[in-house]
Amino acid sequence: MSPLQLAILIASIIQLTLASTNITEPRVVLTGTATYFSWPSGGNSCGTTDSYCVAISDGWDALWTDVLRIPTKCGYIPNCNEGCSTCCQRAGPSCPYSSLCHANGGYICVRCIDGDICKTGNWIKVAIADACPQHHPCNTCKGSENPCAEGLPHIDLCSNAFFAIAKYQPSWEGLSVEVTTSC
């Protein structure tokens with residue numbers, strides 16, 4: 001066998017080895033909370049038709065910047081302290097929907113990790129439908145009970161997705177979940 005034939009054979013073996021081991025970037029799994037909203041009336045800025053969907057809190061920095069790689073989050077609107085029925089009639093902040101709706105192919109994966117409250121510990125794939133802006137009047141009127149507040153790792157699942165993984169919502173804080181990019 002000539003040196004050239006040997007080099008081609010070695011290159012082929014390396015290529016086959018790499019292809020069969022399916023080497024990929026490590027998957028990041030984040031832990032947070034989830035509540036649910038009525039879909040599509042609760043928000044569908046991305047225009048998804050999937051009944052398993054999610055609105056991602058822009059207060060969850062690690063999910064926006066580290067996982068979905070979206071550097072800009074939703075705008076700022078001053079807190080509304082007039083009661084939620086009045087506050088929710090105000091317009092919400094602008095959000096980078098063109099980036100959010102297409103991040104990670106428009107989907108993330110979620111699973112329940114809240115013990116007996118979970119129906120299953122299996123991952124489900126959910127379409128990104130909207131944001132849950134920390135400065136939206138419907139969120140700021142909740143005061144300290146705003147699950148989408150800055151720094152809180154939180155998502156709002158469409159009710160179909162939420163009840164596919166959980167028996168009930170344990171409190172206003174929500175269900176303990178894990179979130180990742182693929183399942």
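Does L30 count as buried or exposed, and at what relative accessibility? In this predicted model, L30 has a relative accessibility of 15%. Buried means under 20%, so L30 counts as buried. L30 belongs to strand β1, which covers residues 30-37. Beyond its neighbours within four places in sequence, L30 is in contact with W60, A62, L63, V67, V177, E178 and V179. A further position to look at is T181, which is 151 residues from L30 along the chain, while the C-alpha atoms of the two are separated by 9.8 Å.

The next element to find is strand β2, residues 53-57. Five of its five residues are buried, so β2 is largely enclosed by the rest of the structure. C53, A55 and S57 point one way from the strand, and V54 and I56 point the other way. β2 has pairing partners. With strand β4 (residues 124-132) β2 pairs in the parallel sense over five bridges, and A55 stands opposite D130 there. With strand β5 (residues 154-158) β2 pairs in the antiparallel sense over three bridges, and V54 stands opposite L157.

The largest nonpolar core has 32 residues, of which I56, I155 and L157 touch the most other members. Two or more residues of this core come from each of β1, β2, α2 (61-67), β3 (107-112), β4, β5, α6 (159-165) and β6 (175-180). β4 gives the largest share, four residues. Apart from this core lies another, of eight residues, including F37, C53, A127 and A129.

Aromatic rings come next. A pair of aromatic rings is described by the distance of the centres and the angle of the planes. The count here comes to three aromatic pairs. In one of them, Y36 and F162 are tilted, with 5.1 Å centre to centre and 45° between the planes. This pair links strand β1 to helix α6, across 126 residues of the chain. Y36 also forms an edge-to-face pair with F163, at 4.8 Å centre to centre and 65° between the planes. Because Y36 lies in strand β1 and F163 in helix α6, this pair ties together parts that are 127 residues apart in sequence. F162 is buried, with a relative accessible area of 0%, whereas Y36 is partly exposed at 37% and F163 is partly exposed at 28%.

One more ring remains: the charged end of K125 sits over the ring of Y107, 4.6 Å from its centre.

Methods
Residues numbered from 1 in each chain as written. Predicted model: local features only at pLDDT ≥ 70, side-chain atom pairs only at ≥ 80, totals over all residues. Heavy atoms only, no water. Buried < 20%, exposed > 50% of the residue type's maximum accessible area, 1.4 Å probe, protein only. Contact = heavy atoms within 4.5 Å. Pairing = 2+ DSSP bridges. Core = buried A, V, L, I, M, F, W, Y, C linked by side-chain atoms within 4.5 Å. Phe/Tyr/Trp six-rings, centres within 6.5 Å; stacked < 30°, edge-to-face > 60°. Lys NZ or Arg CZ within 6 Å of the ring centre and 35° of its normal.
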